[in-house]
Amino acid sequence: MASFPDCVNENDLDKAKFVGELLVPVAPFDQKSGREAWTVAFAPNGSYFAWSQGHRIVRLIPWNKCLKSFSLSAGEEGTNPTSPRHLSRQNSDGGVTIPLADEPREHTIDCGDIVWGLAFGSSVPEKRSRCVNIEWHRFKFGQDQLLLATGLNNGRIKIWDVYSGKLLLNLMDHTDVVRDLTFAPDGSLMLVSASRDKTLRVWDLKDDGNMVKVLRGHQNWVHCSSFSPDSSILCSVGAGKAVLIWNMDKYTLIRKLEGHHNDVVSCEFSPDGALLATASYDTRVIVWDHHKGTILLELGHLFPPPSPIFAGGANDRWVRSVSFCPDGRHIASITDDRFVRFWSIEEKAPQAIASLSNGLCCAFSAEGSVLAAGTRDGSVHFWEAPRSITSLQHMCRMALRRLLTTQQVEALAIPTPLQDYLTYKVV
């Protein structure tokens, strides 16, 4: 079962509140293989939730509809004023503005092959295509355009209009499974795909999905990638302990982070872009200062920790997924020991735990109050995230770190204790 530090009694840990689940109908002919929910995703504006429920199917559900059936104690996310019921949108074919119905529609999408990666992307018209030589484009994405990218087992990437469920683009260049997808958060509709063909590919959807660049640096499968909040940096992780940091203005490799002892399968930046969390089969989540390539915090899932040479032996403790909460203070991890752990960046022991069999992936909702986790049987489970009042100090730190790198903070003429706090040396 689960492993915790000697100083921690599992029975004393808080139990995260289970708030709901989405189950998949099981047909008599269903096989265990192919039913996995490899990925779950929330729309940036909190309007939709999507998950790959196995057997080629992706479900798109209005998040408000889920919340109505859940029992949240406070702070309902469904009151988000950017909900689709308040929006009108421009047709992606360049047509007239179409008012949305009172309730956004639910969609079931057959992608034609096993779905490994999902990502929502939203458009900002001011962010033009990087291909400046092309004056005419097939698609003209409106300000409130919401897209869903799906990465498939056959190496294809399909782009869907979330509000209509219509297929817009079919991107074909990868030669193996597209394991993960991530959109640049700046609204430019730049998409990065991570594949088992050992490459990352950068696509410009505002240029009708043309491929901009192939990023080569991984020697083995690429499992996951993540943009920094300002879209300037990309982290990619994969087999062979690889954690690579890329400059996305020049498409060049900045550095490799060394510290994991086994395959790295998940990564995500903190909301202020100062921290990077990576999850590995070596039973650890590492929180990095990626600007300097240093380790700030290790979150262990096996005690005593395995030595580097045996780091892959405890496969019942493999960390499958990691997600940073939007509050910048909490992290969630999914592990093969049948537990979900909620961590505070201020502690080396979990703040709360929850039971989950066969978990594969996790993601926080846009407001950060709910964690969704996908499982091997295609279902999704939801928990309330730990609630605490964020200090004014931390809010100021996040605001500053959105603008300054670690090196820039260290160059400030400020007292050392304050400098350590701002660089997360003292959390």
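Reader: What makes the 19 residues a nonpolar core?

Author: A nonpolar core is a set of buried Ala, Val, Leu, Ile, Met, Phe, Trp, Tyr and Cys residues joined through side-chain atoms within 4.5 Å, where buried means under 20% relative accessible area, exposed over 50%, and partly exposed in between (1.4 Å probe, protein chains only). The largest such set in this predicted model has 19 residues, and those with the most contacts inside it are Leu22, Val40, Phe49, Trp51, Trp63, Val380 and Phe382. At least two residues each come from β2 (18-22), β3, β4, α1 (63-69), β29 (359-364), β30 (370-375) and β31 (380-384), and α1 gives the largest share, three residues. Here helices (H or I, at least four residues) and strands (E, at least two) are DSSP runs, numbered from the N terminus.

As this is a predicted model, local features need pLDDT of at least 70 and side-chain atom pairs count only at pLDDT 80 or more, while totals for chains, interfaces and linings use all residues. Residues are numbered from 1 along each chain as its sequence is written, and side-chain values use heavy atoms, with hydrogens and water left out.

Reader: Which residues is leucine 22 in contact with, leaving aside its neighbours within four places in sequence?

Author: Contact means heavy atoms within 4.5 Å, and on that basis leucine 22 touches Phe49, Trp51, Ile61, Cys66, Ser379, Val380 and Phe382.

Reader: Why are strands β4 and β5 said to pair?

Author: Two strands pair if DSSP finds at least two bridges between them; β4 (residues 48-52) and β5 (residues 57-62) have five bridges and run antiparallel, so they qualify as a pair. Phenylalanine 49 stands opposite isoleucine 61 in β5. Both strands belong to an open sheet of four, in the order β3-β4-β5-β8 with antiparallel pairing, whose edge strands β3 (40-42) and β8 (107-110) each pair on one side only.

Reader: Why is strand β27 described as mostly covered?

Author: Six of the six residues in β27 (residues 339-344) are buried, so each meets the limit for that term and the description holds. Phe339, Arg341 and Trp343 lie on one side, with Val340, Phe342 and Ser344 on the other, and both faces are covered. In a regular strand the side chains alternate between the two faces of the sheet.

Reader: What are the partners of arginine 341 in the neighbouring strands?

Author: Serine 333 stands opposite arginine 341, within the antiparallel pairing of β26 (residues 330-335) and β27 over six bridges. In β28 the bridge partner of arginine 341 is isoleucine 353, and four bridges join β27 to this antiparallel strand (residues 352-355).
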